[in-house]
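Visitor: I have a model open and a few questions about it. Can you walk me through it?
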Amino acid sequence: MKYVSEYRDKKFIDPLVDELRRTIDRPLRIMEVCGTHTMAIFRHGLRSLMPEGLELISGPGCPVCVTSSAHIDGFIDVASRDGVRVAIFGDLYRVPGSHGSLAKAQSMGAQVEVVYSPMDALTLAEKNPQQMVVFLSVGFETTIPLVAATILEAERRQVDNFTVFSTHKIMPPALSALLGDPELRLDGLLCPGHVSTIIGAAAYEPLAANYHLSCVVAGFEPVDVLQALIMLARQGREGRAEVENAYGRAVDWQGNLRAQKLMHDVFEPIDCQWRGLGTIPASGMAIREKFSRFDAEKRFNIRLTETPEPKGCLCGLILKGRKNPADCPLFGGRCTPLNPVGPCMVSSEGTCAAHYRYGRA
Amino acid sequence: MKMTETILLDHGSGGRASQELIKNIFLPQLTNPVLACLEDSAIVDTAAGQLAFTTDSYVVDPIFFPGGDIGELAINGTINDLAMRGAKPICLSLGLILEEGFALDDLKRVILSIQGACRKADVPVVTGDTKVVPKGKGDKIFINTSGIGLVDRGIQISGKNARPGDVVILSGSMGDHGITILAQRAGISLQGNLRSDTMALHRLVQQMLAAAPGAVHTLRDPTRGGVATSLNEIAEAARVAIELDESAIPVKPEVGAACEILGMDPLYLANEGKCLALVAPEHADRLLELMRSLPEGVDAAVIGRVSEGPAGRVLLKTAAGGTRIVSSLTGEPLPRIC
């Protein structure tokens, strides 16, 4: 496939692996923040190519994984109401809350529609005026501007049977919260490519400065990942802690200013609960009062009840990079992608799912 | 809403959820030596010889799609299940479950397509049944077909027969059917020409068996669950390992592109006109050449090899030069979020 296969070609990969091996002169502990990176690294078999001394740990950047079970319960609550049809991205379908998943709710009669864009959910609402279509929205900065644009479009088209249940989260506050943990002992961050197209590479400057951490923005193809790892290794070698961009074909320094404006026009920061990480100040994005008629939580008067994490599940520590999936007593036994106990197993981008699918040898 | 154990869509995916249903609900009650083989079709010994018998139901949505429709699929799919045991298909049954309100014109279109597929394959429908359910209790049309075939003396094709050293051949490009249906459902129109690959494979198989009797150890049509799941099943049944070479697996550019957009892995997508053949290494070149000379196998390729173990493990050498595990599909493939 033109413009993709080149980035996966052994011919280009081999020299990069050699260069990485030559560049690393000390043990490095790198966190790949984004779930898409975790999956890409596994899917392309890059783990088997990593030089000794380079430890890759997975971070909290899978939006489905960090959605609290209270929110999932809220989703199921909405989905189970009369006259409601919910629209979701596919990853959310099997995520367990404290009592079941949307897949289960569907088998009991709830109407659950998998869509590829929030705009599809709006179209669904227009086609089914007798129903309330609720977009159960989970996502980071990559997703939020799309949802913002959809809400503005719903307002313009005066669609009254469309609402959004926002559990949106933004990355920088979560990374700050995470990096405050001294036990993490990180040398560098492989920064998320998609999120950075919106927020720009500059967003990581405070992290680099405050935690003396090398940060390199990376794309998702093997060549991109290796290039970024080489830059991180070079920073480690030279004792630098800077933000660099290895994904210049998609990400620039300031990011997408128009998307940022769109996001802030419709949403405002709010304290938000992350599964495994707890409540992080100003890390969520709630629908502004001005657009409250599109806010499903308000329209349906949803009350979220705190629920404990499932017993024995280590997702919280895994999301923080403190434990590996193999450390979890449930991994591969009681917890599999088919019957996930914790969220890291259910999302195709979750750390446990990646280890389960690609890593067991 | 109280949550009880219920059937989920995952149970029909052909992946691990389906296997659990078979293992926990069906086999404990119904098992017998023939059923317990869990192959594409059963082989029953009779006075007349070895009889192959299989059944399959078709519930695809949409019922018409680029490259085929539910009718053609129902004929080719059941013929292929017979062919994967080396059987020559003799005849088929056709059971229809129709939803009240289903357009008669659409029914005619499906039946015409069934007629076409039967003629092309030279396998007749010899018995049938029709039921109608009230509107909303079905979805337009569901089809069940069963098929009977004959297996020549001496032919022994089974998932259990794969052995170390065997060469894994895929008869053509992977994922065409699955991605066509997914793209249709998602309402995504893509440039290029995504088409289902629905096709009957019995002639291809018969020619392979004639050319190198005994050299074909295992045949499997990687339908639901895709190539990844079929190879895992074979590796488990034969207690062997399988090593695949990603860059050797044929994937059409348009299928690869659609997979990137929809977040799918073609290894897990359904095929409806492809087979995996695990063959003795000394006959692999000749069989590959033969397959490529036939319309069903023009794009056939060697995609991997069987090795000694560990039993049940499928490994992929990636295009990037790394290696990783290939596991079975767990449930319905879901698109990723971002």
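Visitor: Leaving aside neighbours within four places in sequence, what is A:His37 in contact with?
Guide: This is a predicted model. In it, beyond the neighbours within four places in sequence, A:His37 contacts A:Glu32, A:Leu190, A:Pro192, A:Ala218, A:Phe220 and A:Val225.

Visitor: And how far is A:His37 from A:Gly219, in sequence and in space?
Guide: The two are 182 residues apart in sequence, and their C-alpha atoms are 8.1 Å apart.

Visitor: Is A:His37 buried or exposed?
Guide: Buried, because 30 C-beta neighbours lie inside 10 Å of A:His37, and the cut-off for buried is 20 or more.

Visitor: Which helix is A:His37 in?
Guide: Helix α2 of chain A, residues 35-43.

Visitor: What does α2(A) pack on?
Guide: A sheet in chain A with five strands, in the order β2-β1-β8-β9-β10. The sheet is open and its pairing is parallel. Neighbouring strands are turned by 25° against each other on average, ignoring direction. α2(A) touches β1, β2 and β8 (188-191) of this sheet, and the direction of α2(A) makes about 115° with that of β1(A).

Visitor: Which strands stand at the edges of that sheet?
Guide: β2 (54-61) and β10 (243-245) of chain A. Each has a single partner strand, so one side of each has no neighbour in the sheet.

Visitor: How many bridges join β1(A) and β2(A)?
Guide: Six, in the parallel sense, with β1(A) covering residues 28-34. A:Leu28 stands opposite A:Leu54, which is in β2(A).

Visitor: Zooming out, how many helices and strands does chain A have?
Guide: 15 helices and 12 strands. Buried residues are 56% of the 361 in the chain.

Visitor: What is the radius of gyration of chain A, and what would a compact globule have?
Guide: Chain A has 20 Å. That agrees with a compact globule of 361 residues, which would have a radius near 21 Å. The C-alpha trace spans about 65 × 45 × 40 Å along the principal axes of chain A.

Visitor: What share of the contacts in chain A join residues at least 24 apart?
Guide: 77%, counted among contacts between residues at least 6 apart in sequence.

Visitor: Switching to chain B. Which domains is it divided into?
Guide: Domain 1 takes in 32-151 and domain 2 takes in 159-325. The centres of the two domains of chain B, over C-alpha atoms, are separated by 23 Å. Their contact takes 22 residues from domain 1 and 23 residues from domain 2.

Visitor: Which elements supply the domain 1 side of that contact?
Guide: α2 (70-83), β5 (88-99) and α3 (104-121) of chain B each give at least two residues. The largest share is eight residues, from α2(B). By class, the domain 1 side has 11 nonpolar, six polar and five charged residues.

Definitions and conventions. Residues numbered from 1 in each chain as written. Chains lettered and ligands numbered in written order. Predicted model: local features only at pLDDT ≥ 70, side-chain atom pairs only at ≥ 80, totals over all residues. Helix = DSSP H or I, 4+ residues; strand = E, 2+ residues; numbered from the N terminus. Rg over C-alpha atoms; globule rule 2.2 N^0.38 Å. Buried ≥ 20, exposed ≤ 12 C-beta atoms within 10 Å, placed from the backbone. Contact = placed C-beta atoms within 7 Å. Domains from an automatic or database assignment. Nonpolar A, V, L, I, M, F, W, Y, C, P; charged D, E, K, R; others polar. Pairing = 2+ DSSP bridges. Axes fitted to C-alpha atoms, helices over the stretch in contact; angles between N-to-C directions.
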